Amino acid sequence: MRIRTAPTPASCWGVYDRRHKLITMRPKLARFQYDSTLAHELGHAINGHHGHNPKTEHMADRWAAKYLLNFDQVLDHASINDDLNSLAVSLEVMPWVLEAFKATLTPSQKLIVSERLYEQNVA
């Protein structure tokens with residue numbers, strides 16, 4: 001697998017080319033944009049995706065989320081952040097990574113995070 005920085009299509013921060021085993025990342029991304037996007041593209045590579053559709057994009061998002069985050073880390077940051085966007089900033093990931101991570105949580109884990117965010121909002 002090779003990773004390079006080069007221009008990408010206008011709407012993409014990163015692109016995975018399975019045939020060439022190459023990830024191309026857009027130049028001048030902020031660190032959290034770069035890390036989140038690279039993890040997403042690695043998700044495509046790990047899963048052997050060719051092209052993209054809603055299912056493969058969702059799978060790549062979830063892979064990136066599990067790669068970049070863990071439950072204890074999210075819980076710790078949730079205790080000092082009062083909404084999803086500030087939580088994402090605190091964790092140094094894009095908000096969509098946090099949304100994908102939430103989708104991987106068990107119902108009891110979701111409840112714990114929600115309670116932590118609620119406690120922060122009423123404090």
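Helices (H or I, at least four residues) and strands (E, at least two) are DSSP runs, numbered from the N terminus. The model described here is predicted: local features need pLDDT of at least 70, side-chain atom pairs count only at pLDDT 80 or more, and totals for chains, interfaces and linings use all residues. Residues are numbered from 1 along each chain as its sequence is written, and side-chain values use heavy atoms, with hydrogens and water left out.

The protein chain contains 6 helices and 3 strands. Along the sequence these elements follow the pattern β-β-β-α-α-α-α-α-α. Taken along the principal axes, the box filled by the C-alpha atoms is roughly 50 × 30 × 20 Å. The chain has 123 residues, of which 35% count as buried; buried means under 20% relative accessible area, exposed over 50%, and partly exposed in between (1.4 Å probe, protein chains only). Contact means heavy atoms within 4.5 Å. Among contacts between residues at least 6 apart in sequence, 45% join residues at least 24 apart.

The 3 strands form an open sheet in the order 1-3-2, with mixed pairing. Two strands pair if DSSP finds at least two bridges between them. Strand 1 (2-5) and strand 2 (14-17) stand at the edges and have a single partner strand each, so one side of each is left without a neighbour in the sheet. From one strand to the next, the twist averages 20°; axes are lines fitted to C-alpha atoms, for helices over the stretch in contact, and angles run from 0 to 180 degrees between N-to-C directions. Strand 2 and strand 3 (residues 22-25) run antiparallel and are joined by 4 bridges. Opposite Leu22 in strand 3 stands Asp17.

A nonpolar core is a set of buried Ala, Val, Leu, Ile, Met, Phe, Trp, Tyr and Cys residues joined through side-chain atoms within 4.5 Å. The largest such core has 17 residues, and Leu69, Val74, Leu91 and Leu98 touch the most other members. Helix 3 (71-78), helix 4 (84-91) and helix 5 (95-104) are the elements that give two or more residues to this core. Leaving aside residues up to four places away in sequence, Leu98 touches Leu69, Val74, Leu84, Leu87, Ala88, Leu91 and Val93. A second, separate core of 7 residues includes Tyr16, Ile23, Tyr34 and Ala45.

His44 lies in helix 1 and is buried, with a relative accessible area of 4%. Its side chain is joined to that of His40 by a polar contact of 3.0 Å. A polar contact is a pair of N or O atoms within 3.5 Å; within protein, one must be able to donate a hydrogen and the other to accept it, and residues adjacent in sequence count only if both atoms are side-chain atoms. Apart from residues up to four places away in sequence, His44 touches Tyr16, His49, Thr56, Glu57 and Ala60.

Most residues other than glycine have a negative phi. Lys28, although not a glycine, has a positive phi of about 65°. Lys28 is placed in the loop between strand 3 and helix 1 (31-46) and counts as exposed at 85% relative accessibility. Glu92, also not a glycine, has a positive phi of about 60°. The loop between helix 4 and helix 5 holds Glu92, which is exposed, with a relative accessible area of 58%.
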